[in-house]
Amino acid sequence: MYTWLGPSMKTWSLLRLSRRRLMHPTVPSLGSSCSVLLTFSLPPCRMMQICRTCPSPLKGFSYLQEPIRRNLKKDHLSVLDSTLPPISITEIRQYLRSKNISFHDGYSCLHTQSLFVEGAEKDQFSLFIDKTTGRFLCKATLVEGSWEDFQDSVELLQKEGLPCLSPQTTAGYLENDSDLELDIMEVNRIYNKAVWFSDLEEKEAQLFKIMFDISKISNATLKKFGVKYFKPTNTLVFPWYSPRDSTLKGIKLLSAECRGEQVNYLDTTLPRPGIYHNLFGLHLMSRRDNEVVITSKEVDSLALSQATGMPTLALPCGENCLPPILLPYLEQFKRITLWLGSDLRSWEASKIFARKLNMKRCNLVRPGDSQPCPLDALSQGLNLNKILKTAIPASHKSIISFRQLREEVFGELANVEQVAGIKWTRFVELNKLLKGHRKGELTIFTGPTGSGKTTFISEYALDLCIQGVNTLWGSFEINNVRLAKIMLTQFALQRLEEQLENYDEWADKFENLSLYFMTFHGQQNIKAVLDTMHHAVYMYDISHVVIDNLQFMMGYEQANIDKIAVQDYTVGAFRKFATDNNCHVTLVIHPRKEEDDKDLQTASIFGSAKASQEADNVLILQDRKLVTGPGKRYLQVAKNRFDGDVGVFPLEFQKPTLTFSPPKAKAKLKKVKADNLVQLKQPPAETEPKPEPKPKK
């Protein structure tokens, strides 16, 4: 289906087509006076795909019954393109001045006149340019794009001598993406069938409120924010309204699941999480509001608004991510208070988000027993206004006293399990040694060639990613397709090549993970890699970066340089990145050549001792089968800066699923003292007892 546009949009349409990489073999050659805009019709089976990717909230809902056909979906957002050079704020300012475009500084964006409106609206400075990435957003038309898109738009505007670039047509094209049409239909269908709490019987409404722990939230507050209840699946429905015209753009469905005595809450979004960029409550903001409280959950925003009357917003992905595309909507606020939750993970996220929002205007509510999340505080009858007054400034000087650290130290002592980090679910024995995965640390991982380092570390990282740890993979030794195939097999725990009919189901679930890949392959410049990592941390709030492996960072420029010095510099750069960005970096390093009958040690790591000195954790994959024949692999924790526990435990490789897991019998964890790391005793399973000598006659 072709839609023809007028001459005023000819160059812009071609520009958007090239940017979005929309290709079609039957497109006719375009003349100079017109252009073509492609729209594609998706099969109705898209509804069935949505049903498969969503948990219980959409189960049981009636969809269009059509034969299931596979759709090849290409989403470039999960791959970080390293070919685009990073842009600096100085370059952005210089370009704007060279084009005589007026602008002024904001907190995290530059404000300038929009290219897509004219007349009085043009003087409202409604276009925002991100100071870090250069991406722009016009709030008046919702047109958005990269810095390159902005430059192309300016060149087109000045070359054609136009007052503006057709805002209605352009914005309509961007919003009415054919891939989302069926999602929007389903969004409206569910929301229209959902009911207001005020329309339910009193006992029924109270029962549902108890289920979601919102008994103290009034029906008036729920209606104010547009929250409904969807009876067929017993879910809360939170709307996402367009900030331009208040039309419904998406929904989040919250369901309750009982596991024993514990209740778990699961959320599902339409459209899918990758394009669900909602600030819940934004449609209630007025231009006069200059102060806001940001929460990680919609129910917390409801509680805060009801108890304090303050403007409140909720993030789309909770404490996991603050998408930069939302920053322009927060520019109007002079004071932002972050109250994300009651645990240390929420506290760490608050400090990271404050950097994006400009720390000078941010205040943080420190979690604690007397300062739980807003919903719990309302349920306990606490004074939420009083808690907000205790919020501390996010910015601080370079030198602070213990008095300023006192409460934070107490928080770490009172929450030992949370401080230890996120626990692995597949490697329980690793939790007993490392205690957990913590932000801001550097882990060195090594092992013999052919022992399965990449396979193990991919499952090690996947385990954390499944639990919500935003992960960036830099695989320089094997390509991303092969790595993704390994991780998908480990995720599904089955050989998908033998069950291709299940591929789409598992691929849809895998796609929803916060997992990203660098496009590098082979030897790379350390500066380019670090620039990409910084970009990923800003855009996707990455908290775990895996580099496989260090040797591909060396020898890129010249062949005759001192590789040991280059390695020391590279390790130091990764160490600094982990500390400055509060991001865990796992670095794979090949070992030195050792004798086959000896175990690897910390000193076996290639290069100088700087790698092991800088590292917080050193993991070694010992592979005895390379020496003794068929046998088992062992993971050795050779360094643990967190609490000093080191040791070794066996790993069992399952070839059909490409996974490592402890033996079915009780895993034999053997702790060793740090002083005895040089000579590591083998676990009893590998050591055969010597026969006792027979007595002499």
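This is a predicted model: local features need pLDDT of at least 70, side-chain atom pairs count only at pLDDT 80 or more; totals for chains, interfaces and linings use all residues.
1. Residues are numbered from 1 along each chain as its sequence is written, and side-chain values use heavy atoms, with hydrogens and water left out.

2. Glu-459 belongs to helix 16 (residues 453-466); helices (H or I, at least four residues) and strands (E, at least two) are DSSP runs numbered from the N terminus. With a relative accessible area of 2%, Glu-459 is buried (under 20% relative accessible area; over 50% is exposed and in between is partly exposed, with a 1.4 Å probe and protein chains only). Arg-426 lies 33 residues from Glu-459 along the chain, and their C-alpha atoms are separated by 8.5 Å.

3. Next, please look at strand 10 (residues 235-241). Since 7 of its 7 residues are buried, strand 10 is largely enclosed by the rest of the structure. In a regular strand, side chains alternate between the two faces of the sheet. Here both faces are covered, with Thr-235, Val-237, Pro-239 and Tyr-241 buried on one side and Leu-236, Phe-238 and Trp-240 buried on the other.

4. Strand 10 has a partner in strand 9 (residues 228-230), antiparallel over 3 bridges; two strands pair if DSSP finds at least two bridges between them. Tyr-229 stands opposite Leu-236. The two strands form a hairpin with 4 residues between them, and Asn-234 in the turn has a positive phi of about 55 degrees.

5. Strand 10 also runs antiparallel to strand 11 (residues 248-259), joined by 7 bridges, with Thr-235 opposite Ser-255. This hairpin has 6 residues between the strands, and Ser-246 takes a positive phi near 60 degrees.

6. Finally, a helix pair: the axes of helix 19 (residues 526-540) and helix 20 (residues 563-580) come within 11 Å and cross at roughly 10 degrees. Axes are lines fitted to C-alpha atoms, for helices over the stretch in contact, and angles run from 0 to 180 degrees between N-to-C directions. The two helices are therefore roughly parallel to each other (angles under 35 degrees). Ile-526, Leu-530, Met-533, His-534 and Val-537 in helix 19 meet Tyr-569, Thr-570, Ala-573, Phe-574 and Phe-577 in helix 20.

Key. Angles under 35 degrees count as roughly parallel, over 145 as roughly antiparallel, 65 to 115 as roughly perpendicular and the rest as oblique. Contact means heavy atoms within 4.5 Å.
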